[in-house]
Amino acid sequence: MLTRSSTIADRVTDGGAEGATVESILHTDFLSESVVLAGREGLGRVVDRLNLIENPEGIRFWIGAHDLVLTTGFALAQSTEPLSSFVSAAHSVGVAGIVIHFDEDSTTIDADTRAVADELELPLIAVSESFALDHILARGVRDRARQQVRAMYRSERLRRLLVAKMVAGGGVAELASAAAAELDLAVLMTTSDGRRLATAGSDEEVRALCRSSALDGTGRLKTDSTDGGLGLRTTDEGAIAVCAISANGIDHGRVAAFSRHRQLSTQDLYAVDAAAAVFALAVTRDLALSTIEEKHRANFLRDLLLGRGGEHAHAVAHAQRFGWNIGRPVVVVVIEPAPGDDVTRQAPDRMPLVDRQMMAFSGALAQRDPSAAIAALGTETVIMMGAGPNTVNAIRDIIESVRGDGGGGRQPFAVGISRPCTSVEDIPGIYGQARTALKVGRQIYGTWAVTAFDDLGVFRLLSLVENDDELTSFTKETLHELTEQTVEAQDMRKTLEMLLATNINIAETARNLHFHYNTLRYRVVKLEKILGPFTERPDLRLDLSLALKIMAMRGIDQHM
């Protein structure tokens, strides 16, 4: 054992070792017969505080940067995670080193863990005797250890309470209420993208949470911020602790606890994490119970869209078993993610994109039309909902609530809306309308297009032409060099479009394009040399208008 340095002790305040390093602490009599097992290159790391850890699995809650972590071989042996994971987690937080007291039951560190510590240059230090907790260097360590123990007992009591509720058949609403009462906090459960599933707590606390900056303008918990919004944060209305609901490697949502009267602590976050684990069990249970029913729902909706739903009366009666009302006038809405790879598809903690979008729309739809049908079918989500004079506006409201503020994890999607129908036999036809509206709308308006079939106009007729080569040939023969991708060709097409829109009103076109009248006259002469006397021939103007719309719809100008 090395001799103690009084200068180190003199710099200790409230349990910390201000300005000390791991190596300098080894030169005190605080650690008995210390041996550096690995990570010797990191002995110069600065130590600000000593921290006793009795529960390695809760390490992320209790440690901070520049902590010298004190633990035991027995405690490490109880962890279900490899010791190398504990070392990596400690390094990621920025701890100064790990000191381990070994006894007769735990006397060694495996080679893999030593290799990880060496690579990370994180000192692993073994001591033969228990830590001198009455030593001046350990001032405050005992209190922090007691805080951990109190937090573990509190979290275990909450976990048992919530498990009992869940086993008795309680859903997420009952679990949220029980957690709010036990913690004396407002509790919010959301989906992984922040949409609210359940809230509980006093009315005052819940209202403050809903007003706080933790939620966006649409009422969604902000999960797109750093680290998904997880951890402890202070908002304009109070403090919030957020943990992920994760089960079977899938991110199912968030649990948030909020208080406007007190600052939340690590102990609160630890308790919320325990609640999230039980919420995950409840979610998994509910998913397992609903999987078979969801499959039947999806199969029946697919049959309706393909005309295999049976006679009208039979199909309406069968749909009622699922809570769907298709005996009224309905429209079909098709939602499809943007073509291309889902950026989160390879992540092990995310559901498939179409399933996530279906769940998002299901939650938003339930508030407006609980009798609507919805299912994820392959690469798209299909909704069949009641039709009325404001249906399109209602659908746009639903879309906005799902999109939220459009930040971070929101994956782009296009939407097609059919005309209404009143008979089950007509459903395949309006499904085709919704698909056409989605396809053409995306080509014309882009990734986030929301298009109703009735708004397609002439594009609806053009979409029926499946031979792209014929459309390409017609466009080239009609517009000639105006199909090129030069700046001049694009500029002349813009002029032509405005002339056709104003019915060859040169004065109005010049005003709209901010041209001098004579400049536009010159452009008209140039266009007629290329295209022919379109100012005199209505039939040629029709051809030109169609060719321009084909370019807009099919993107033919991208390939010429």
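The model on screen is a predicted one.

Now select the whole of helix 17, residues 487–501. Its 15 residues reach 21 Å from the first C-alpha to the last, close to the 21 Å expected at 1.5 Å a residue.

Next, colour Ala 489, Met 492, Arg 493, Thr 495, Leu 496 and Leu 499, which are buried in helix 17. Why do they sit on the same side of helix 17? They cover an arc of only 165 degrees around the axis, and this puts them on the same side.

Step just past the end of helix 17 and pick Asn 503, where phi is positive, at about 60 degrees.

Move on to the cysteines. How many disulfides does the structure hold? The count is zero. Two cysteines to select are Cys 210 and Cys 421. Cys 210 has a relative accessible area of 31% and is partly exposed. Cys 421, at 6%, is buried.

The last stop is aromatic. Searching the whole structure gives five aromatic pairs. Select Phe 300 and Trp 324 for one of them: the ring centres are 6.2 Å apart and the planes meet at 20 degrees, so the pair is stacked, the cut-off for stacking being under 30 degrees.

Which parts does this pair tie together? Phe 300 belongs to helix 10 (residues 266–305), while Trp 324 lies in the loop between helix 11 (312–320) and strand 15 (330–337), so the parts joined are 24 residues apart in sequence. Phe 300 and Trp 324 are both buried, with Trp 324 at a relative accessible area of 2%.

Is Phe 322 buried or exposed? Its relative accessibility is 15%, so Phe 322 counts as buried, the limit being under 20%.

Finally, show Phe 300, Phe 322 and Trp 324 together: ring pairs link them into a cluster.

Notes. Residues are numbered from 1 along each chain as its sequence is written. This is a predicted model: local features need pLDDT of at least 70, side-chain atom pairs count only at pLDDT 80 or more; totals for chains, interfaces and linings use all residues. Side-chain values use heavy atoms; hydrogens and water are left out. Helices (H or I, at least four residues) and strands (E, at least two) are DSSP runs, numbered from the N terminus. The expected span of a helix is 1.5 Å times one less than its number of residues. Buried means under 20% relative accessible area, exposed over 50%, partly exposed in between (1.4 Å probe, protein chains only). The arc is that of the directions from the helix axis to the C-beta atoms. A disulfide is a pair of cysteine sulfur atoms within 2.5 Å. Rings of Phe, Tyr and Trp (its six-membered ring) pair if their centres lie within 6.5 Å; planes under 30 degrees apart count as stacked, over 60 as edge-to-face and the rest as tilted.
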